[in-house]
Amino acid sequence: MSEQSITLACGAKQYSLRLRDGLSVQIAAPNHVQPAPDPRQCIRDALDHPVGSAPIEKIVRAGQRVCVIVDDITRLTPVPLILQELLPRIEGAGVARSDIFITVALGSHRKMTDAELEAKVGTQVWQSYRVLNSEFRDSAELVEVGKSQLGTPIRVFRPAMEADIRIGVGTIVPHGCMGWSGGAKILYPGITSGDIVSEFHSMQGLADGVLFGKEDCSTRLAVEEWTRQIGLHFIINTILTGEMKLYRAVAGDYVKAHRAGVEFGKEVCGTTLDQRPDVILATAMPLTADFWQCTKALYSSSDVIQKGGSLLLLAACEEGMGPHPEVSRYIGMENGEDTLRRKIEQGETGEELLTMAVGVSMSKMNRSCRISLISDGIRPEEIAEAHYGWYPECDLQRAFDEAVSAIKNPHVLIVTEGCESVLTLRT
């Protein structure tokens, strides 16, 4: 029997997967769009033609303090390129360099090292401007600016709130809680307190269905409304090709420019399926750092898989489980929504609620399919409570063959970049 093969990336490593002849297989990969021929000009064009907003040069003025909020090391936004075009415009409008600073939005992620911060913003910016990690734990570094719909104080990184102008910089990709990243998310919950981050994720845990890839989902609309209380004056968002090169950029109003960018994102990330797959093998590319990030690859796949099918996740997880290792326990919970709802009603916040909310949202996938993790970065006992199967990466072929052989005449989907693929069924 003849075979074909496909090469799949797992972090820095690559694996060859054999596909037997006659197997019904569809490949979901980022669409082959052409990158911007001149990346700097692409950023300039976005800044020259903002969506729903005046140009940044017309927004800032001399004497103002300007905070540029950028995403952290888990994201691939070409921040140095953007800052090279943005900062001279701000200074050209009369703002003193000493009144401009960069804040890295951590959400609830770990602080970045000085070396990581320098790499994130570029050496020239690192040497010329203040660059700060945001803070989500220390109350002295947070200031209250209002209350959420659940009555939780909205506390935001104090230096950013002391600025007169806040500018958000990020990349638009599919997201499990917000539908798509980018836009208002860089501020809320990007630089808010841990309890707001947890409340943000609790909305994901209680939501009906998968939010991944849905731009007008309830969480995003709520976040955009809360952002109006805080003030985000301008955004610059990029859209990358499957090879992580700049494809398009948008700038302007944090809602209108974001939606324009989502349309470009769909051109890169969208795949339409003619039928529900029985078996899905998805890689966690390009977010491979830890289990917390890698599981983003499960959302869209679980939304389209045949009931009772097998979902395999190939994920490097170089940093292990990541910042919330207890998420495995919550993934395996029964009736997790009820427990989560009770905690919210009791006014509980913090990291435990955040972790539970994400785990509960993921637990719903266990009802529709069998999930197995293929990873050398995670030990099987670390995910045992999630009721996931586990294979070492050297057994990728065995994991795939076992899943395929368990179903008669299976239809298989292979997703080469699961964390940034939006899968939809043809209607």
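**Ground rules**

I am working from a predicted model, so I note that local features need pLDDT of at least 70, side-chain atom pairs count only at pLDDT 80 or more, and totals for chains, interfaces and linings use all residues. Residues are numbered from 1 along each chain as its sequence is written, and side-chain values use heavy atoms, with hydrogens and water left out.

**Entry 1: the cavities**

A cavity here is a set of points, on a 1 Å grid over the protein atoms alone, where a 1.4 Å probe fits but cannot get out. Grid points are joined across faces, edges and corners, and a volume is the space filled by probe spheres set on the points. I found four cavities of 30 Å³ or more.

The largest cavity has a volume of about 460 Å³. I looked up its lining, meaning residues with an atom within 4 Å of a point. There are 32 such residues, and Arg75, His109, His175, Lys185 and Lys296 are the closest to the centre. By class I read eleven nonpolar, 16 polar and five charged residues in this lining. For the classes, Ala, Val, Leu, Ile, Met, Phe, Trp, Tyr, Cys and Pro count as nonpolar, Asp, Glu, Lys and Arg as charged, and the others, Gly among them, as polar.

Which helix gives the most to the lining of the largest cavity? I found that α7 does, with four residues. At least two residues each come from β9 (165-171), α7 (194-206), α10 (291-294), α11 (296-304) and α14 (351-366). Helices (H or I, at least four residues) and strands (E, at least two) are DSSP runs, numbered from the N terminus.

The second largest cavity holds about 60 Å³. Its lining is Arg75, Leu76, Thr171, Val173, Leu240, Met244, Leu287 and Glu420. I sorted these into five nonpolar, one polar and two charged residues.

**Entry 2: the largest pocket**

Next I turned to open space. A pocket is an open set of points with protein on both sides within 12 Å along at least five of seven lines. The largest pocket contains about 450 Å³ of space. Of its 25 lining residues, I noted Ile73, Thr74, Arg110, Asp290 and Glu319 as the closest to the centre. Nine of the lining residues are nonpolar, seven are polar and nine are charged.

**Entry 3: strand β4 and Val70**

I then followed β4 (residues 66-71), the strand that holds Val70. Is β4 mostly covered or mostly open? Six of its six residues are buried, and buried means under 20% relative accessible area, with exposed over 50% and partly exposed in between (1.4 Å probe, protein chains only). In a regular strand the side chains alternate between the two faces of the sheet. In β4 I see Val66, Val68 and Val70 on one side and Cys67, Ile69 and Asp71 on the other, all buried.

β4 pairs with β5 (residues 100-105) in the parallel sense over six bridges; pairing requires that DSSP finds at least two bridges between two strands. Asp71 has Ala105 as its bridge partner in β5.

Val70 counts as buried because its relative accessibility is 0%. Leaving out residues up to four places away in sequence, I listed Val79, Ile102, Thr103, Val104, Ala105, Val169 and Ile186 as its contacts, a contact being heavy atoms within 4.5 Å. I also checked Arg130, which is 60 residues from Val70 in sequence and 13 Å away in space, C-alpha to C-alpha.

**Entry 4: helix α1**

In α1 (residues 39-48), I found Cys42, Ile43, Ala46 and Leu47 buried. Seen down the axis, these buried residues fall within an arc of 135°, so they line one face of the helix; the arc is that of the directions from the helix axis to the C-beta atoms. They pack against α3 (79-92), β12 (234-240) and β13 (246-252).

**Entry 5: backbone details**

I looked for cis peptide bonds. Tyr188 to Pro189 is cis, with omega near 15°, and Pro189 sits in the loop between β11 (179-180) and α7. Met285 to Pro286 is also cis, with omega near 0°; Pro286 is in the loop between β15 (279-283) and α10.

His387 is not a glycine, yet its phi is about 65°. His387 lies in the loop between β17 (369-374) and β18 (389-391) and counts as exposed at 57% relative accessibility. Asn409, not a glycine either, has a positive phi of about 50°. I place Asn409 in the loop between α15 (396-405) and β19 (411-415), exposed with a relative accessible area of 67%.
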